[in-house]
Amino acid sequence: MQPIAFPIPDLAPAAPEIFLLVAACAVLLIDVFLAERSRWVSYVLTLITLAVCAVMVVTGTGATVYTFSDMFVRDPMADVLKVSVCVAVATILIYGRTYIGDRGMYRGELFVLALFATLGMMIMISASHLLLLYLGLELLSLALYSMVALQRDSRAAVEAAMKYFILGALASGLLLYGMSMIYGATGTMNLEQIASAIAGTDNPKVWVLGLGVAFLVAGIGFKLGAVPFHMWVPDVYHGAPTAVTVFIGSAPKLAAFALVMRLLVTGLESMVVDWQQMLLLLSIASLVIGNLTAIAQTNLKRMLAYSTISHMGFVLLGVLSGDLNGYGSAMFYVITYVLMSLAAFGMILLLSRDGFEADMLDDFKGLNRRSPWYAFMMLITMFSMAGLPPTVGFYAKLAVLQAVFSAGFIWVAVLAVLMSLVGAFYYLRIVKLMYFDEPKDVTPILPHPDMRLVLSVNGLSMLVLGILPQPLMALCIVSIQYSL
Amino acid sequence: MNALPLLSTVIWLPILAGIAVLFTGSDRNAGLARLLALVGAIAGFVVALPLWTGFDSSASGFQFVEREQWIQAFNVYYHLGIDGISLLLILLNCFTTVLVVIAGWKVIDSRVAQYMAAFLILSGLMNGVFCALDGLLFYVFFEATLIPMFIVIGVWGGPNRVYAALKFFLYTLMGSLLALIALIYLYLSSGGSFSFFDWYMLPIPFAAQVLVFLAFFLAFAVKVPMVPVHTWLPDAHVEAPTGGSVVLAAIMLKLGGYGFLRLSLPIVPDASQALSGFVIVLSLIAVVYIGLVALAQSDMKKLIAYSSISHMGFVTLGIFLFNSIAVEGAIIQMISHGFISAALFLCVGVLYDRMHSRQIADYGGVVNRMPVFASFFMLFAMANAGLPGTSGFVGEFMVIMGAAKVNFWYAFLAAATLILGAAYTLWMYKRVVFGAVANDHVAALDDLSARETLFMVVLAICVLFMGIYPAPFTEVLHVSVNDLLAHVAKSKLP
């Protein structure tokens, strides 16, 4: 009998993920033994975990390494995205601290779920195999579903969780179905091998591949929240506790971007003509419907939900340009988007207090009177979302537009520009409320010092990156170049 | 070259001063905010003076050039430099900022720091527009100016300020977003460069030139504003606080005229020439039709706003006649309009601060109570009507001369403004200032304070000096304009 050999895979490339898993379990265990008043220990441990994890990613070699039988890849793009995820999640936890404390959700579960969601995102980002990609996605999604439902006395939250779960499961199903077709047509689940299988042969089963791509794109559309797969976005954003909404609305978009890159670009680049057309439809519909519907919203969370939809349209525009320039600009856009959405939701969390959700547009009335500094932060955020210089949002739009333009879709660029004009209107309305109107609520704003610091840094970063965008832009372009 | 990067100082000093003013915080420190703003504005003007003294008006090309790599990924440079055209506009801008700070000294009593800071930052940004020699840098400054102006109109404006502010913002944004597409086209077709100089040399096929021209045209025509995209201006002017109106009329409108000169003409000369007839017709409509509209206004600020549109029609007319006297006239007209419209808005502001009404019907016989004011107002009204000896005459006369060289009817219609301008300005003046004292409110008016007299005197000196001895201004422009026209005369078709 041949002894079955279990070669130990090279664990080094996956060290941050392994650490995160161990730490998440440790937080879970430690939290059990903590008294209610020392819950801050879990909070601090979680933040430390995320910080250590980010440092482990940064201090890696920066080269492209495969491990676990080529199922797991660590490349510069993955590193950049992972660091962004860790920073984003830490920011979310800091922003949400008071909010979740006031609403009785300041429990160990939240931190553990957040860590597992982070792990899911990191696995998605590093997957080079359909199965691993799917596993990461489910780990993320399941953690998110439970986080939405964490406020179990709230009807809205439970309804949102149910809706999110059902539609999310449907999307996973679509994705899985698409994957099975790709597997059927190519006989492999490794993305690199899929690419060579499709490119190498004059494949007779091309219609199966085409159908598979269609399902994959539909699944991606769900996860990103692109029209016409966007129905869950406003309801979930609205219903979920704001501290969870900011989670759903920020970091997972980085992972979803990685999903798009791994599936469509690494795996199916030779089918670019097929998915380019599909993404084009999705992105145009997202830009138009997202922006136009956002105008009609009176609830800020819903408005931001529709604005997210339109931003995802921009990200897809970058991807569908189909060259390194386009991918780099899409990545720059998505990171910028995360910065902006963190700040916007952070402002809602800042103004919320026990028993009061500051999620209506009118809650921002006269903010300049109440706190000029935070009004200014929101001003930067809104102008950045509208894509106005000198904020980083402008360069994100510029990068995507020039990529789309150089790919030959000139009319799409013109349409995107016109839609950002529409977008400017509802972002300006917030500025108008904050600066031109009188406050109806004069409760003093007294955040934790850590939140004060992080929110200020977050807001100013959009301005600083708007004046000096070179570092982030170069980081995105270079990491994409070295990864593909 | 100078050791000190002068242009950067001219741009960033007001911006930094503005930020410093912001940090004075709430209205408890209003006095400090005012003082700091005044120091900042004066310092901004003083650092701009070496530009004038150090400028070599016989040299062609750009002076005081600074060039640093800014965004490598897009090959964007922080590239600054000025020629005669930008020099005059920068000086006008720095000068106006000082006036605005003084004009808002007493009048603005809520959120003083933010008000002053907005104007200082705006001033720096507009200097940036006039200095930028890189397409993206230009666009960034150009767009960024919208933000402080939006806030100024919306926070310190009149009753309908929200509507006016949004209209102002969205109108101008629409124009400039299409210009962004044109910039991206130029960037890609020049092989990845945003430098104006590369774009000036770049051959562009005619169809593309026309599209680029139209995109730029929309951006700059909205700014100028030209008929039919002028409707935001009366709203914005009426609702804006006095300082806002002054800056809007004196400087922001000039961004449009400057854009035509710096981008449209040299980058797409063939399309500019081919479509010049179209622009000229729109300009003449502005001059004549808007002049008539101004005649019908009952609100003083609106009247001056329409008069601005009409006068800016002269600017676009002059630019698109493509001969040196007309183009120089257009630029002189821009500067002169900067002084005169600023002065007129300040005059209305003086009345408004006392009476809280801008309706002509509420006034009458002001001269009886405010003789000093009435004489200054008279001077500026005459200048607006284009009386020889005031700055208003010089630009208009040059443009009309240039027009006469091209086509008699252009000149004829343009000259109609001398009649119309006189009619609406002087008629308004008559109704407001002369006659019997209209009511008790007028009877209770006080004449100019020392602060108000100060800026009236300064503006009067500018208007008269430029009217009597315009040579220093035209001298600076001469080489720049001739270079520009020589460049435009060469076809850029591939």
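Q: How many aromatic pairs does the structure hold over all chains?
A: In this predicted model, local features need pLDDT of at least 70 and side-chain atom pairs count only at pLDDT 80 or more, whereas totals for chains, interfaces and linings use all residues. Residues are numbered from 1 along each chain as its sequence is written, chains are lettered from A and ligands numbered from 1 in the order in which they are written, and side-chain values use heavy atoms, with hydrogens and water left out. Rings of Phe, Tyr and Trp (its six-membered ring) pair if their centres lie within 6.5 Å, with planes under 30 degrees apart counting as stacked, over 60 as edge-to-face and the rest as tilted. Over all chains, the number of aromatic pairs is 52.

Q: Which class of aromatic pair do B:Phe142 and B:Phe220 form?
A: B:Phe142 lies in helix α5 (residues 135–144) of chain B and B:Phe220 in helix α9 (residues 206–223) of chain B, so the pair ties together parts that are 78 residues apart in sequence; helices here are DSSP runs (H or I, at least four residues), numbered from the N terminus. Because the ring centres are 5.7 Å apart and the planes stand at 85 degrees, the pair is edge-to-face.

Q: Is B:Phe220 buried or exposed?
A: Buried means under 20% relative accessible area, exposed over 50%, and partly exposed in between (1.4 Å probe, protein chains only). Because its relative accessibility is 2%, B:Phe220 counts as buried.

Q: Which residue forms a salt bridge with A:Arg97?
A: A salt bridge requires a side-chain nitrogen of Lys or Arg within 4 Å of a carboxyl oxygen of Asp or Glu, and here the closest N and O atoms are 3.0 Å apart. The pair links distant parts of the chain, 353 residues apart, with A:Arg97 in helix α3 of chain A and its partner in helix α19 (residues 449–467) of chain A. That partner of A:Arg97 is A:Asp450.

Q: How are α3(A) and α14(A) oriented, roughly parallel or roughly antiparallel?
A: The axes of helix α3 (residues 76–102) and helix α14 (residues 324–351), both of chain A, come within 10 Å and cross at roughly 5 degrees, where axes are lines fitted to C-alpha atoms, for helices over the stretch in contact, and angles run from 0 to 180 degrees between N-to-C directions. Angles under 35 degrees count as roughly parallel, over 145 as roughly antiparallel, 65 to 115 as roughly perpendicular and the rest as oblique. The crossing angle therefore makes α3(A) and α14(A) roughly parallel.

Terms used
Helices (H or I, at least four residues) and strands (E, at least two) are DSSP runs, numbered from the N terminus.
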